[in-house]
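Hi,

Here is the structure I said I'd pass along.

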Amino acid sequence: MAARRTQPLHAETLEGWKIDGNIKPVNNFILIKKAAVEKETESGIILTKGAAIVKTEGEVVSVGPGKLHPDSGIPFPMPVEEGDGVIYGRYDGTEVTLDGVTHSLIRDDDILVKFKGGELTMDSVEPVNDGILVRAEDTEGQTSGGLLLAASSDQSKRPSTGVVEKVGPGRMAESGELIPMPVQEGDRVKFMDFAGNEVKIGDVEYTVVKMAEVYAKF
């Protein structure tokens, strides 16, 4: 594991307020250098400022020491290290400007997946903690006999079954040991409606859910 940064970083603004001081993550916070905003599509169409795509992706710059288990006082291991790439929730994090560059402070629980090598692929991606990467299956448009049905007018409904593609290491118990994950790659799972967050890897949309959001495997 790479050595963690010991020197704090100088910050210019925090949540839009000008400050003059150093910043170092504490507890289970992580400092992320945010990925650049996409100002044109893959086909070369220039996007307006309002339509530009702001990615919830970045590179880990500095890692806090982690939080303590409320019963045993054992520190929870931090799931990332400096240099890791991460994808996190759309509404998570607090922006901070370091030397004119936009960063974000997020919690370890905000991380959906991590990856190494600077590129998000199925080979490099890893769920963290008790996260599960699922390739969701849209079966709402078929009968049990395989007949296609007309699309529903309820556009808010998302698939809630799928195949497990990657499994995180699990949550830490009071003893400090990791609790084994009860699912494995290849299992089909049923999870809560509207649970999870979508992550696009290549041209495929996946869903990241927590183990507590999974009803059953089959």
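Is Arg188 buried, partly exposed or exposed? Arg188 is partly exposed, because its relative accessible area is 37% (buried is under 20%, exposed over 50% and partly exposed in between, with a 1.4 Å probe and protein chains only).

Before the rest, some housekeeping: this is a predicted model, where local features need pLDDT of at least 70 and side-chain atom pairs count only at pLDDT 80 or more, while totals for chains, interfaces and linings use all residues. Residues are numbered from 1 along each chain as its sequence is written, and side-chain values use heavy atoms, with hydrogens and water left out.

Arg188 belongs to strand E12 (residues 188-191); strands here are DSSP runs of E, at least two residues, numbered from the N terminus. Its side chain makes a polar contact of 3.0 Å with the side chain of Glu137 (a pair of N or O atoms within 3.5 Å; within protein, one must be able to donate a hydrogen and the other to accept it, and residues adjacent in sequence count only if both atoms are side-chain atoms).

Glu137 sits in the loop between strands E10 (131-136) and E11 (161-167). At 19% relative accessible area, Glu137 is buried. Leaving out residues up to four places away in sequence, Glu137 touches Pro159, Thr161, Gly162, Val163 and Arg188, where contact means heavy atoms within 4.5 Å. With that exclusion again, the residues Arg188 touches include Ala216, Lys217 and Phe218.

Cheers

Conventions: Helices (H or I, at least four residues) and strands (E, at least two) are DSSP runs, numbered from the N terminus.
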